[in-house]
Amino acid sequence: MNKYFEKPIKIDDIRYRFDSFDNGKPLFGRKGRVPAMGWNSWNAFGSGNTEELTKAMAEKLVELGLDKLGYQYVILDDGCYGPKRVDGHVVSDSVKFPSGFMAMSDFIHEKGLKFGMYNDVGSHLCSGLEVGTCGYEETDVRDYIKWKIDYIKVDNCYNVWDNATFSNPENAKFTFAPNIMGVKIQKADNPDTVVELSAVKDGTITGRRAFVEGDHVTGLGTFDGTSPDASPVGELSSELIFKVNVPESGAYDLTVFHEKGRCEGVGEWLQVAVGYGEDVHFYHDDFIGDSPIRIELSAGENDLRLMNHRRQENTLTSYAKIQEWFDRLAPDNDIIFSICEWGKTQPQNWGYKVGDSWRILNDITFQVGSDGDSGHAVWEGAYTTSVTAQYNKAVIMDEFAGLDRGWNDPDMLMIGMNGLNDTMCKTHMAMWCMINSPLMLGMDLRNVEKDSEVYKIISNTDLIALNQDSLGVQAKRIFTTKAVAPDVTYIRDNDRMDVLAKPLADGSVALSFINVSMADRTDDIEISTELLSNYLGKKMVNREAFVGKDSFEVKNLWTGETKTVKGNVFRLKDFIDGPLKACDNVTVKIV
């Protein structure tokens, strides 16, 4: 095994640790950008993309005028590289991209578009090619700069320090602490001073991941967010805290009674710290051994923390290595950095430190297209592969996003793929625009003409304007027909209607009434200005003026119709006659 892969790097900088995740300070300074828009090759062609197909897509973006609407980036996803590195460098597939990446970049730039590429923080790409960027960060960044890329999407397959997709499941040894039975603390120069504590009786568990099982605490780590199982809101990493009282300050030897494992929830890596914030001191961050761990304690009460945040920290540092080289070699670069680790390590907590966006779940579809085949999409499904699975998670993640952070990414648009009718495609577009997702087209654009319904959907300038609004606030769900707190409750039952509200830079507010279900709904929904104010609060521009109005101009962003609404209540029935059809939406702008 390559020694580079034996264990993750030592973290000496607190900025890369879990303790800094909520400080709001990015590691890199390029923030303030609205979500990226463009076309990505994966949903349309999978690993079968070619030089000719990519050129055809770039030409079609220009022909359709989509470039003028903001769809600027043309991105080569997995499948464009040769199977092996050549003299340490990634190279293009000689059959699919015979002219090479520099020629591809020049072609796209000559069209007035921007060029994007792909790699992986693991040892291999998701397609299995052994050209992942792990260990080659400097080499790859030098090549990407030479090829004048404007965007890079970085995947997470074959992650050598986690049980990620296609990785060894035993890699969980890096990302979870062992089962903990208890601890013993002895004064280094006076072994008679002994404190013994039980994990079950004396320890306190933080977060939702860990729990008591028999005589021990297990699950000390971070939830795997790849699937739509756990809510993204809340404390998703757990620690075991002991309140340790000692009579005098000094060095102490800590013995941890433990049981090691190599599976999700039980590992071999233990972090030991005392204190929090600026006063924290880390004493162990490695595989646990049988020898005592030397720590320093102060007289009186101390917070002894046993934990493993490496699932998040390892992934953060892996992505940061790439950004560090971009900053070092091209400090003035404006390259969009798309984190694609599928929500596995809860990137909503740390993604803003290194990236412009972060995927929140596994792929939105695994049935991608090929040359002549549009691939398949679904509205709802049990796993991540549906519009609603992605939406249901993203819709309560608004507080993690913003101009000063970056954007939640529920994956590429499936508009134009088989399986979604026009109504579903319209609502898919409205959802992604309201929640400030990057807008990456994933269809074969050769099938799109200007008079088609698909074109009308993706070229709706009013909807695009919501996504690209300079205020940069993701919509908040302020109402749902389920009897729950709408803005923080993770709802996977699609038999419902939602209302999303999005404040805009000009002082107006966008409202989207969404029928998530696959049946017509007749709910009579009313949204007051007071409700808007309560949920959106200071995020609104000229909030008091908006709430104080007694008459509003309301534009339906799908039909273009405008009407005056008197009073301070907006009713769904004001905008439609009859029920809201299955999977349909009404999206309006209120001025």
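Guide: What follows is a quick tour by topic, and keep in mind that this is a predicted model.

Visitor: Cysteines then. How many disulfides does a search of the whole structure find?
Guide: One disulfide turns up in the whole structure. The partners are Cys 126 and Cys 157, with an S to S distance of 1.9 Å.

Visitor: What's the hand of the link between Cys 126 and Cys 157?
Guide: Right-handed, with 95° about the S-S bond.

Visitor: And which parts does the pair tie together?
Guide: Cys 126 is in the loop between β3 (114-120) and α4 (137-146), while Cys 157 is in the loop between β4 (151-155) and β5 (179-187), so the bond links parts 31 residues apart in sequence. Cys 157 is buried, at 2% relative accessible area.

Visitor: How far is the sulfur of Cys 425 from the closest cysteine sulfur?
Guide: It's 11 Å, to Cys 583, which is again too far for a bond. Cys 425 counts as buried at 2% relative accessibility.

Visitor: And Cys 583, where is that one?
Guide: In the loop between β26 (569-571) and β27. Cys 583 also counts as buried, at 2% relative accessibility. For the backbone, phi of Cys 583 is near 65°, a positive value in a residue other than glycine.

Visitor: What's phi of Trp 342 like?
Guide: Phi of Trp 342 is near 60°, likewise positive in a residue other than glycine. Trp 342 belongs to the loop between β16 (336-339) and α7, and with a relative accessible area of 2% it is buried.

Visitor: Switching to sheets. What's the strand order in the open sheet of six strands?
Guide: The order is β20-β21-β22-β27-β24-β25, and the pairing is antiparallel. At the edges are β20 (476-480) and β25 (562-566), each pairing on one side only. On average, neighbouring strands are turned by 25° against each other, direction ignored.

Visitor: Which helix packs on the sheet?
Guide: That's α9 (residues 422-434), which touches β21, β22 (509-515) and β27 (585-590). The direction of α9 makes about 140° with that of β22.

Visitor: How many bridges join β20 to β21?
Guide: Four, with the two strands running antiparallel. As for a specific spot, Lys 476 is opposite Ala 501 in β21.

Visitor: Back to β4. Which way do β3 and β4 run, parallel or antiparallel?
Guide: Parallel, joined by five bridges. Asn 119 has Val 154 in β4 as its bridge partner.

Visitor: How many of the residues of β4 are buried?
Guide: Five of its five residues are buried. Both faces are covered, with Tyr 151, Lys 153 and Asp 155 on one side and Ile 152 and Val 154 on the other. In a regular strand, side chains alternate between the two faces of the sheet.

Visitor: Last topic, the loop between β9 and β10. Is Thr 222, which is found there, buried or exposed?
Guide: Buried, with a relative accessible area of 0%. Leaving aside neighbours within four places in sequence, Thr 222 has contacts that include Phe 176, Glu 264, Arg 311 and Gln 346.

Visitor: What does Ala 230 contact?
Guide: With neighbours within four places in sequence left out, Ala 230 contacts Arg 208, Phe 223 and Tyr 490. Ala 230 also lies in the loop between β9 (216-218) and β10 (239-246). From Ala 230 to Lys 393 it's 9.3 Å, C-alpha to C-alpha, though they're 163 residues apart in sequence.

Technical notes: Residues are numbered from 1 along each chain as its sequence is written. This is a predicted model: local features need pLDDT of at least 70, side-chain atom pairs count only at pLDDT 80 or more; totals for chains, interfaces and linings use all residues. Side-chain values use heavy atoms; hydrogens and water are left out. A disulfide is a pair of cysteine sulfur atoms within 2.5 Å. Buried means under 20% relative accessible area, exposed over 50%, partly exposed in between (1.4 Å probe, protein chains only). Two strands pair if DSSP finds at least two bridges between them. Axes are lines fitted to C-alpha atoms, for helices over the stretch in contact, and angles run from 0 to 180 degrees between N-to-C directions. Contact means heavy atoms within 4.5 Å.
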